[in-house]
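Subject: Structure handover and findings

Hello,

Here is the structure for you to open. My notes follow below it.

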Amino acid sequence: LQEITSAYTTFPNKGIRMKPWTILTVKDREGNLLEENRPEPSDVIGADSAFVMTNILQGVLSPRGTAARAASMAAKWPLAGKTGTVDN
């Protein structure tokens, strides 16, 4: 799930994939910073390709899309979605 979610966030990020992480900082009991994880961006696809893919995925939430009902219940910001299965 984490891998596929990270892959799909590349599209709205204009082709930049951010390596996911779960722990942001580690501090000792005195509050001293022991470790800090920062985003690691990777330019994986062109911004133009990411834009086209985002538009395609927005169609899933259109009135005729397979996730139209989800769009009607969603908040008022741009949405895109993926339905179906993911293999390999």
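How many salt bridges does the count come to by the rule used here? The count is one, where a salt bridge is a side-chain nitrogen of Lys or Arg within 4 Å of a carboxyl oxygen of Asp or Glu. Glutamate 36 and arginine 38 form the bridge through their side chains, at 3.1 Å from N to O. Side chains of opposite charge can pair when their charged atoms come close. Glutamate 36 is partly exposed because its relative accessibility is 39%. Arginine 38 has a relative accessible area of 58%, so arginine 38 is exposed. The cut-offs are under 20% relative accessible area for buried, over 50% for exposed, and in between for partly exposed (1.4 Å probe, protein chains only).

**Ground rules**

This is a predicted model, in which local features need pLDDT of at least 70, side-chain atom pairs count only at pLDDT 80 or more, and totals for chains, interfaces and linings use all residues. Residues are numbered from 1 along each chain as its sequence is written, and side-chain values use heavy atoms, with hydrogens and water left out.

The pLDDT is the predictor's confidence in each residue, from 0 to 100. The protein chain averages 85, and 98% of the residues score at least 70. Among the elements, strand β2 (residues 25–27) has the highest mean pLDDT, 93. Helix α3 (residues 68–73) has the lowest, 74.

**Overall layout**

The protein chain has three helices and four strands. These are DSSP runs numbered from the N terminus: helices are H or I with at least four residues, strands are E with at least two. Along the sequence the pattern is α-β-β-β-β-α-α. The protein chain is more spread out than a compact globule, because its radius of gyration is 17 Å, well over the 12 Å that the globule rule gives for 88 residues. That radius is taken over C-alpha atoms, and the rule is 2.2 Å times the number of residues to the power 0.38. The C-alpha trace spans about 55 × 30 × 30 Å along its principal axes. Of the 88 residues, 14% count as buried.

Contact here means heavy atoms within 4.5 Å. Of the contacts with a separation of 6 or more, 38% are between residues 24 or more positions apart.

Serine 6 sits in helix α1 (residues 2–8). Serine 6 counts as buried because its relative accessibility is 6%. Its side chain makes a polar contact of 3.0 Å with the side chain of arginine 17. A polar contact is a pair of N or O atoms within 3.5 Å; within protein, one must be able to donate a hydrogen and the other to accept it, and residues adjacent in sequence count only if both atoms are side-chain atoms. Beyond its neighbours within four places in sequence, serine 6 is in contact with Arg17, Met18 and Pro20.

Threonine 10 is in the loop between α1 and β1. Threonine 10 is at 4% relative accessibility, so it counts as buried. Its contacts, again leaving aside neighbours within four places, include Val44, Ile45 and Ala50.

Lysine 14 lies in that loop between α1 and β1 (16–18) too. Lysine 14 counts as exposed because its relative accessibility is 61%. Check its backbone: phi is near 60 degrees, a positive value in a residue other than glycine.

**Aromatic pair**

The count comes to one aromatic pair. Tyrosine 8 and phenylalanine 11 form it edge-to-face, at 5.6 Å centre to centre and 80 degrees between the planes. Rings of Phe, Tyr and Trp (its six-membered ring) pair if their centres lie within 6.5 Å; planes under 30 degrees apart are stacked, over 60 edge-to-face and the rest tilted. Tyrosine 8 is at 27% relative accessibility, so it counts as partly exposed. Phenylalanine 11 is at 16%, so it counts as buried.

Leucine 57 lies in helix α2. Leucine 57 counts as buried because its relative accessibility is 11%. Leaving aside neighbours within four places, leucine 57 is in contact with Tyr8, Phe11, Ala80, Gly81 and Lys82. Its C-alpha atom is separated by 9.2 Å from that of threonine 83, 26 residues apart along the chain.

Leucine 61 is in the loop between α2 (47–58) and α3. Its relative accessible area is 17%, so leucine 61 is buried. Not counting residues up to four places away, leucine 61 touches several residues, among them Ala67, Leu79 and Gly81.

Best wishes
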